[in-house]
Amino acid sequence: MDRACKSSKLFQQMQLGAVAPDKFTFVSILSACGSLEALLEGRCLHSLIICRGFQLDIPLGNALINMYAKCGCVEDARRVFNTMPERNVVSWSTIISAYAQNGQGKEVLLLYQQIQLGGVIPDKFTFAGVLSACASQADLAQGKSMHTHIISTGFEPDVVMGTAIVNMYSKCGSLGEAQRIFDGISERDEVLWSAVIAACFTARAGKGGPLSVSTNAARRSNPNRIHFC
């Protein structure tokens with residue numbers, strides 16, 4: 001956040017000094033606007049990019065999509081996405097994540113179908129966004145299908161992918177499968193622990209019992225295994 005504030009201030013100084021920003025300057029400042037959720041400033045930058053005649057290439061387009069998505073303006077992000085003459089996997093992953101975070105799971109699945117038809121090779125962030133959509137809809141069948149597809153592509157269950165899979169299975173009520181995936185992940189961060197603890201809460205609350213592990217206990221002891229139920 002401090003770096004984002006610093007970037008924004010440097011851009012203001014650049015304008016006061018009559019120094020013309022280039023494409024990479026805009027990309028950097030748009031990233032700062034996204035981090036700060038500074039929508040007004042981001043819109044001004046977008047207008048300035050258009051006025052300066054910059055072409056909406058992949059770096060600029062992705063930066064605009066990311067800025068609008070982080071500011072919660074999914075439709076604006078989609079408009080930028082739709083007007084990009086070329087897109088890469090980052091473009092697709094960013095717009096998919098934007099829809100997933102706003103609970104628009106059906107749109108995520110439609111976008112993923114377009115990825116498959118267009119021959120784009122998804123990355124782990126693409127898959128994480130689709131799994132998040134399955135979780136939000138509690139669509140276990142679609143989630144399982146996606147998990148099977150991920151395995152077939154050869155992706156290793158790192159912390160990003162593992163968190164998305166654990167979250168999907170737990171929100172779809174398949175706690176045993178969530179447990180199995182969790183046990184297979186060697187490196188775990190706070191986001192993964194949060195997903196696991198939420199699953200524990202769901203499991204134990206349904207039985208009227210206490211949580212099987214607390215956040216503080218997980219951080220202190222970093223246990224190798226916990227039980228979901």
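**Close-up views of a predicted model**

**View 1. Helix 9 and helix 10 cross in a left-handed sense.** The model shown here is predicted. Helix 9 covers residues 140–153, and helix 10 covers residues 159–171. Their axes come within 10 Å and cross at roughly 155°. An angle over 145 degrees counts as roughly antiparallel, so helix 9 is roughly antiparallel to helix 10. On the helix 9 side, the contact uses L140, G143, K144, H147 and I150. They meet M161, I165, M168 and Y169 of helix 10. Sorted by class, this contact has 6 nonpolar, 2 polar and 1 charged residues.

**View 2. Helix 2 packs against helix 3 at an angle of about 160°.** Helix 2 spans residues 23–36, while helix 3 spans residues 39–51. The two axes are 9 Å apart. The angle makes helix 2 roughly antiparallel to helix 3. Their crossing is left-handed. Helix 2 supplies F26, I29, L30 and C33 to the contact. Helix 3 supplies E41, G42, L45, L48 and I49. The class count for this contact is 7 nonpolar, 1 polar and 1 charged residues.

**View 3. F26 and F54 form an aromatic pair.** The count of aromatic pairs in the model comes to 5. In this one, the ring centres of F26 and F54 lie 5.3 Å apart. Their planes stand at 75°, so the pair is edge-to-face. The pair links distant parts of the chain, with its two residues 28 residues apart. F26 sits in helix 2. F54 sits in the loop between helix 3 and helix 4, and helix 4 is residues 58–70. F26 has 0% relative accessibility, so this residue counts as buried. F54 has a relative accessible area of 28%, so this residue is partly exposed. F26 also belongs to the contact between helix 2 and helix 3.

**View 4. F127 and F155 form an edge-to-face pair.** Their ring centres are 5.3 Å apart, and their planes meet at 85°. This angle is over 60, the cut-off for edge-to-face. The pair joins distant parts of the chain, 28 residues apart. F127 belongs to helix 8, which runs over residues 124–136. F155 belongs to the loop between helix 9 and helix 10. F127 is buried, at a relative accessible area of 0%. F155 is partly exposed, at 31% relative accessibility. Ring pairs also bring in Y112, so that Y112, F127 and F155 are linked into a cluster.

**View 5. E37 has a positive phi in the loop between helix 2 and helix 3.** The value is about 55°, and E37 is not a glycine. Is E37 buried or exposed? With a relative accessible area of 58%, E37 is exposed. The cut-off for exposed is over 50%.

**View 6. A138 has a positive phi in the loop between helix 8 and helix 9.** Phi of A138 is near 55°, and this residue is other than glycine. A138 is partly exposed, with a relative accessible area of 46%. That value falls between the limits of 20% for buried and 50% for exposed.

Note on methods:
Residues are numbered from 1 along each chain as its sequence is written. This is a predicted model: local features need pLDDT of at least 70, side-chain atom pairs count only at pLDDT 80 or more; totals for chains, interfaces and linings use all residues. Side-chain values use heavy atoms; hydrogens and water are left out. Axes are lines fitted to C-alpha atoms, for helices over the stretch in contact, and angles run from 0 to 180 degrees between N-to-C directions. Helices (H or I, at least four residues) and strands (E, at least two) are DSSP runs, numbered from the N terminus. Angles under 35 degrees count as roughly parallel, over 145 as roughly antiparallel, 65 to 115 as roughly perpendicular and the rest as oblique. A crossing is left-handed if the near helix is turned anticlockwise from the far one by less than a right angle, and right-handed if clockwise. Contact means heavy atoms within 4.5 Å. Ala, Val, Leu, Ile, Met, Phe, Trp, Tyr, Cys and Pro count as nonpolar, Asp, Glu, Lys and Arg as charged, and the others, Gly among them, as polar. Rings of Phe, Tyr and Trp (its six-membered ring) pair if their centres lie within 6.5 Å; planes under 30 degrees apart count as stacked, over 60 as edge-to-face and the rest as tilted. Buried means under 20% relative accessible area, exposed over 50%, partly exposed in between (1.4 Å probe, protein chains only).
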